[in-house]
Amino acid sequence: MISLENIRLIREERVILDDVTLHMKPGEHWVILGRNGSGKSTMLEMMNGYLFPTSGKITVLGHVYGQVDVREIRRSIGYMSQSLIEKFSLRDPVWEIVASGKHGFLRVYQKLPSDTIEQAMEWMERLQISYLKDQPLGTLSQGERKKVLLARSMMQEPRILLMDEPCAGLDLYEREKFLADIQQLQDRDFQMVYVTHHSEEIIPVFTHAALIRGGRILAAGPKEEILTSSYLSEVYDMNVTVDWDRGRPWLKV
Ligand SMILES: Nc1ncnc2c1ncn2[C@@H]1O[C@H](COP(=O)(O)OP(=O)(O)OP(=O)(O)O)[C@@H](O)[C@H]1O
């Protein structure tokens, strides 16, 4: 469903991504793991069509970027990132922000169809944030904001969901609640790509991992083959040991 072939990106004369090749097939959920500044967010922005590579080929849902109207493809891609939260008005009520995801608007200026409002209520119910529906976004905790963003992304019934460090800033409790919500989405016919620098966020729903270091793919494939002590020591530039517990890799430094 998502394929990056020989991607190279040069910005301000710096090589940001080099020789990146990844094939994410239907039925696979991927994690992209790497240190700060390794190029993870840049890769997501390419999958979204926000950034175009200096060279290489990107194919998403069967369409080659550069040969299609990316805005059309983007309708099928949910995107969660901190930068998106910052675009909303902090005064808008939660239900409106969730509902506005249906067509990808940032604000609602017209009366919404009742089925869109109903769908927004259903997603808020499912993610247990109904009690927040009338609260202004600005009054929500970080964890609640992430759930609002997830509900909003799901409104467009995406075929792909890209998540850029969704657990950043969450405490242990909020993180685990959020990850449990992600785990529950597995029955849906879509593909998730999750960017993080914390390997303990790799919950069982994720089937594959790509390790990125200095803008290059260090290793990519089924997660059990990739999340090894040896590869992770290389990606983090320090000696670490992996312990698997209930389908999750935990690191000892
Ligand atoms: N417009 C730009 N011009 C020059 N360099 C850039 C530009 N945008 C990003 N970079 C550089 O590209 C590299 C990769 O950035 P990116 O945000 O993709 O990293 P990341 O792995 O997502 O990091 P983090 O985990 O800290 O969010 C960084 O070194 C960053 O400084």
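1. In which sense do strand 3 and strand 8 pair, and over how many bridges? The two strands are parallel, with 4 bridges between them. Within this pairing, V31 faces Y194 of strand 8. The model is a predicted one, and the points below should be read with that in mind.

2. On its other pairing, strand 3 is joined to strand 9, again in the parallel sense, by 5 bridges. Here I32 is set opposite A210 of strand 9. These strands belong to an open sheet of 6 strands, ordered 6-7-8-3-9-10, in which the pairing is mixed. The edges are formed by strand 6 (77–80) and strand 10 (216–222), each of which pairs on one side only. On average, neighbouring strands of the sheet are turned by 15° against each other, direction ignored.

3. An antiparallel pair is found at one end of that order: strand 9 (residues 208–213) and strand 10 are joined by 6 bridges. I212 has I217, in strand 10, as its bridge partner.

4. Strand 3 is largely enclosed by the rest of the structure, because 5 of its 5 residues are buried. W30, I32 and G34 point one way from the strand, while V31 and L33 point the other way; all are buried. A residue counts as buried here if 20 or more other C-beta atoms lie within 10 Å of its own.

5. Helix 1 (residues 40–47) packs on the sheet and touches strand 3 (30–34), strand 7 (160–164), strand 8 (191–196) and strand 9. The direction of helix 1 makes about 155° with that of strand 8. Since 6 of its 8 residues are buried, helix 1 is largely enclosed by the rest of the structure. The buried residues are K40, T42, M43, L44, M46 and M47. After the helix comes G49, with a positive phi near 80°.

6. Helix 1 also bears on the ligand site. There are 13 residues around the ligand, and N36, G37, K40, S41 and T42 come nearest. Strand 2 (14–24) and helix 1 are the elements that give two or more residues to this shell. The most come from helix 1, with 3 residues. By class, the shell has 1 nonpolar, 8 polar and 4 charged residues.

7. The chain is divided into domain 1 (2–76 + 161–252) and domain 2 (89–157). Their C-alpha centres are 26 Å apart. In the contact between them, 9 residues of domain 1 meet 9 residues of domain 2. On the domain 1 side, helix 7 (residues 172–184) gives the most, with 4 residues. That side comprises 4 nonpolar, 1 polar and 4 charged residues.

8. Helix 6 (residues 142–155) lies across strand 6 and strand 7.

9. F178 is located in helix 7. Is F178 buried or exposed? It counts as buried, because it has 22 C-beta neighbours inside 10 Å. Leaving aside residues up to four places away in sequence, F178 touches G143, K146, K147, P166, C167 and L170. Between the C-alpha atoms of F178 and H23 the separation is 27 Å, and the two residues are 155 residues apart along the chain.

Notes: Residues numbered from 1 in each chain as written. Predicted model: local features only at pLDDT ≥ 70, side-chain atom pairs only at ≥ 80, totals over all residues. Pairing = 2+ DSSP bridges. Axes fitted to C-alpha atoms, helices over the stretch in contact; angles between N-to-C directions. Contact = placed C-beta atoms within 7 Å. Domains from an automatic or database assignment. Nonpolar A, V, L, I, M, F, W, Y, C, P; charged D, E, K, R; others polar. Buried ≥ 20, exposed ≤ 12 C-beta atoms within 10 Å, placed from the backbone. Near = placed C-beta within 6 Å.
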